[in-house]
Structure formats: C-alpha cells, structure tokens
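The sequence and model come first, and the main points follow by topic.

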Amino acid sequence: IIEVIASASSIPLEMEELYINSYKREGFTHVAFIKVESKEDGCDPVSIKRIQGAHAVFFTGGDQNKLISLLSETPLLKVIKNKYYSDKNFIVGGTSAGAMVLPEIIITGGLIREALYKEDIKIAKGFGLINDIIVDTHFIKRGRFARLAHAVILNPTCLGIGLGEDTALIISEGNHAECLGSGMVIIIDGSKITTTNIAIAKDYIPIVVEDLKVSIIAEGTGYLLKEKRIIVKT
C-alpha cells in the first residue's frame, strides 16, 4: 500500500495519473493519493488512519516551501515520522522537492552565481525524518554544487547529498546509503574544514573554504553516512 502526497506540485491531478500509471507498470496496484491543500487537511483522521495502514509514503516534486508550510507541525506528519521510526519496513521517499524536505535542515532557495556570497542561500527546518544530511536535487543538470557546498559550510556536521537525474539514494537504518540509477550522487563532507571566512564574510566578500571533501558514488556503490566512507561492491 503506497500513499502519495502531491501537495508540492502545482499540477496535482496530472501527478496522480502519472504516478498511478508508473507504479502500476512496476506491479504496484494499491496506490492512492492523500490530498493536503491546507493545514486542516493535515489533521484529517481518515488520512492519518491511511498512513497507519500504509507500507510506504512518497512525496512528489514541486515547491518545497509549499510542502513545508502545509505539513509542518501537523498530526499527519507526526504519524509519518512515528511510523518511520518505529516500523523498520516502512518506507518514506520523495523526488525533487519531495526528497529535499525529508531531512532536518533543508535548502528552500537561493542564487547560483560565479562566487558564493552570504545571502545567496536560504535554509529552513525540514520534516526531520533524518538528521545530519542536506539534500539537493537536479544536482548536475542545474549546476547546484556551489549551492549545496554553501549549505554544508554553514552546517558542517551535515553531509551534502546531491542527486543527479534518474538516480536514487536508498538510506536504511539512518546510515547505510545505496545508489541506484543511471546517474551519480555527489557527497560533500564539511567535517574536516580547516579554513573558511563564512562567519565573518560581509555581503560583498566571496566565501572561501579549505578542505571540503567530495565523494562521487554511482550504481553498485554505497556510502556509510556516519562513518563518512564509500562501500564498493565486489
């Protein structure tokens, strides 16, 4: 049983048809949509009961700010989080904005320029299903390396996860990450930063950083988030 939440999208009806057909092609026939169009919808007891009986919840793409404003601090999100932490077989997933909102800290917007400047990024509180990572999507195609690096420099205890197109990262037990798909995942590690001016840089002074570690993984490889190392399958 898969429940899909398309609240981030500006075309939720089109999303419904797309995802139902896509899941059916893969053999999943028990797929339904939970509509969340207001904060009140996040309190709906019928939707909460459906989450309690589901095996997976999937958030579609769209606007991560919209998704956060509709679902943050709602009973619906609370039951998703409770089930995620208590049921080892329960899956929460998302694409684009739906993937970006899952961690505790998320990117909600910002500029991409030739250099990094203090006000170029906007950070907010996400759903908090997983700590110590920040996710960015359409990563290669839209040239978002600098944006994610900026977020990691501001939050060096978090790993930056940059997802390419047609690429997924499956995280189990909050630590073991496995890459699937035709593209790559870029992982940015700021835990060993030695020098940066980010705390003192004025609006017009570019941000600099030394010893930012970058890893690239693709299908057939994994990554241990806590240990910060690649696992290559043989």
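A residue is called buried when its relative accessible area is under 20%, exposed when it is over 50%, and partly exposed in between, using a 1.4 Å probe and protein chains only. Helices (H or I, at least four residues) and strands (E, at least two) are DSSP runs, numbered from the N terminus. By these terms, 7 of the 10 residues of H6 are buried, so this helix is largely enclosed by the rest of the structure.

The model is predicted: local features need pLDDT of at least 70, side-chain atom pairs count only at pLDDT 80 or more, and totals for chains, interfaces and linings use all residues. Residues are numbered from 1 along each chain as its sequence is written, and side-chain values use heavy atoms, with hydrogens and water left out.

**Overall form**

- The protein contains 6 helices and 16 strands.
- Its radius of gyration, taken over C-alpha atoms, is 18 Å, close to the 17 Å that the globule rule gives for 234 residues, so the protein is as compact as a globular protein of that length. That rule is 2.2 Å times the number of residues to the power 0.38.
- The C-alpha trace spans about 50 × 45 × 30 Å along its principal axes.
- Of the 234 residues, 46% are buried.
- Contact means heavy atoms within 4.5 Å; among contacts between residues at least 6 apart in sequence, 68% join residues at least 24 apart.

**Nonpolar cores**

- A nonpolar core is a set of buried Ala, Val, Leu, Ile, Met, Phe, Trp, Tyr and Cys residues joined through side-chain atoms within 4.5 Å.
- The largest core has 24 residues, of which Ile 5, Phe 59, Leu 71, Leu 76, Ile 80 and Phe 127 touch the most other members.
- Two or more residues of this core come from each of helix H2 (45-52), strand E3 (56-59), helix H3 (64-71) and helix H4 (75-86).
- Apart from this core lies another, of 15 residues, including Ile 133, Ile 161, Leu 163 and Val 185.
- Leaving aside neighbours within four places in sequence, the contacts of Phe 59 include Ile 5, Leu 71, Ile 80, Val 92, Leu 102 and Phe 127.

**Helix H6 and Arg 147**

- The buried residues of H6 are Arg 147, Leu 148, Ala 149, His 150, Ala 151, Val 152 and Ile 153.
- Arg 147 belongs to this helix, which covers residues 145-154, and has a relative accessible area of 8%.
- Beyond neighbours within four places in sequence, Arg 147 is in contact with Met 100, Ile 107, Gly 109, Ile 121 and Asp 136.

**Loop residues**

- Asp 203 lies in the loop between strand E12 (195-196) and strand E13 (209-210), where it is exposed at a relative accessible area of 51%.
- Not counting residues up to four places away in sequence, Asp 203 touches Tyr 117, Lys 118 and Glu 119.
- His 138 is found between strand E7 (133-136) and H6. This residue is not a glycine, yet has a positive phi of about 50°, and it is buried at 17% relative accessibility.
- Lys 228, in the loop between strand E15 (221-224) and strand E16 (229-232), is not a glycine but has a positive phi of about 60°. Its relative accessible area of 23% makes Lys 228 partly exposed.
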